[in-house]
Amino acid sequence: SANLTECLAAMDTQGVSHALCAGVTLERHPGVLAIVEPHARLFASVGVHPEETGVREPSVDELVTLAAHPKVIAIGETGLDYYWHKDAPEWQRERFRVHIRAARACGKPLIVHNRDATADTLRVLRDEGAAEVGGVFHCFTGNQKEAEELLSFDNFVLGIGGVSTFKSSHLREDLPAVVPMNRIVLETDSPYMAPVPYRGKRNESAFVVEVLKTLAKAYNVSEEKFAEQTNKNVESVFHF
């Protein structure tokens, strides 16, 4: 589409080399593949987001089959969301377990969503041996204690996005205090949470440069050095 062409051109302008389109339902997965297949720089994940209800439930076998596609480099977005689903979330935990088992079966990393559910997220990850495949704790906005708890899992990194640029964010102080640079990847969560100075607009991949600038300053290193390290982190987690 014209919009995709514009987004890719903006990525070129800002030096953003790759982007991942995260899966949220199985029903929409063919559409995600249609977006990424023609472009060498675009990749996908496959999964059912914990906020999604009334959709087809994944099985381990189906996720493994879909993840065999060369453009699919991760399982997710998966995890737990107790903000939107406070009542009897056992179905969420079971769905999360299915995704972790699929990730281990196909050897691909997880994209983990955790909202108001850190204790159970940690418990399920530990139960299912998720450190074997690793992945990203997507859209991390927690405190130092949560960061340390999450990074107790080997092979996982924190995904940091536009929230880090907000005036009210504590991430610029908390992350350098407890999170080494080799445990961070940069992300957008497009179309949501656009960084300053684009706050309130539709987010897009090129805007991740603003997150880079913010975090490089917070870590007191050059943008080039921070970009080099976070690119290595992406390659290490997603194996490409």
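User: How many residues does the largest nonpolar core have, and which have the most contacts inside it?

Analyst: In this predicted model, the largest nonpolar core holds 55 residues. L110, L125, L158 and L175 have the most contacts inside the core. Helix α8, residues 208-218, supplies the largest share of this core, with six residues.

User: What does L125 touch, not counting residues up to four places away in sequence?

Analyst: Leaving out those sequence neighbours, L125 touches F96, I100, L110, A130, F137, F153 and F156. Another core, of nine residues, lies apart from the largest one. Its members include I111, V136, V157 and F238.

User: Back to helix α8. Is T214 buried or exposed?

Analyst: A residue counts as buried when its relative accessible area is under 20%. T214, found in helix α8, has a relative accessible area of 18%, so T214 is buried. Beyond residues up to four places away in sequence, T214 touches S164, T165 and R172.

User: Now the pockets. How much space lies in the second largest pocket, and which residues line it?

Analyst: The second largest pocket has about 160 Å³ of space. Its lining consists of E132, V133, G134, N155, F156, V157, N182, R183, N233, S236, V237 and H239.

User: Which element gives the most to the lining of the second largest pocket?

Analyst: α9 gives the most, with three residues. Both β6 (156-160) and α9 (223-238) supply at least two residues of that lining.

User: What is the lining of the second largest pocket by class?

Analyst: Sorted by class, that lining has six polar, four nonpolar and two charged residues.

Definitions and conventions: Residues are numbered from 1 along each chain as its sequence is written. This is a predicted model: local features need pLDDT of at least 70, side-chain atom pairs count only at pLDDT 80 or more; totals for chains, interfaces and linings use all residues. Side-chain values use heavy atoms; hydrogens and water are left out. A nonpolar core is a set of buried Ala, Val, Leu, Ile, Met, Phe, Trp, Tyr and Cys residues joined through side-chain atoms within 4.5 Å. Buried means under 20% relative accessible area, exposed over 50%, partly exposed in between (1.4 Å probe, protein chains only). Helices (H or I, at least four residues) and strands (E, at least two) are DSSP runs, numbered from the N terminus. Contact means heavy atoms within 4.5 Å. On a 1 Å grid over the protein atoms alone, a cavity is a set of points where a 1.4 Å probe fits but cannot get out, and a pocket is an open set with protein on both sides within 12 Å along at least five of seven lines; lining residues have an atom within 4 Å of a point. Grid points are joined across faces, edges and corners, and a volume is the space filled by probe spheres set on the points. Ala, Val, Leu, Ile, Met, Phe, Trp, Tyr, Cys and Pro count as nonpolar, Asp, Glu, Lys and Arg as charged, and the others, Gly among them, as polar.
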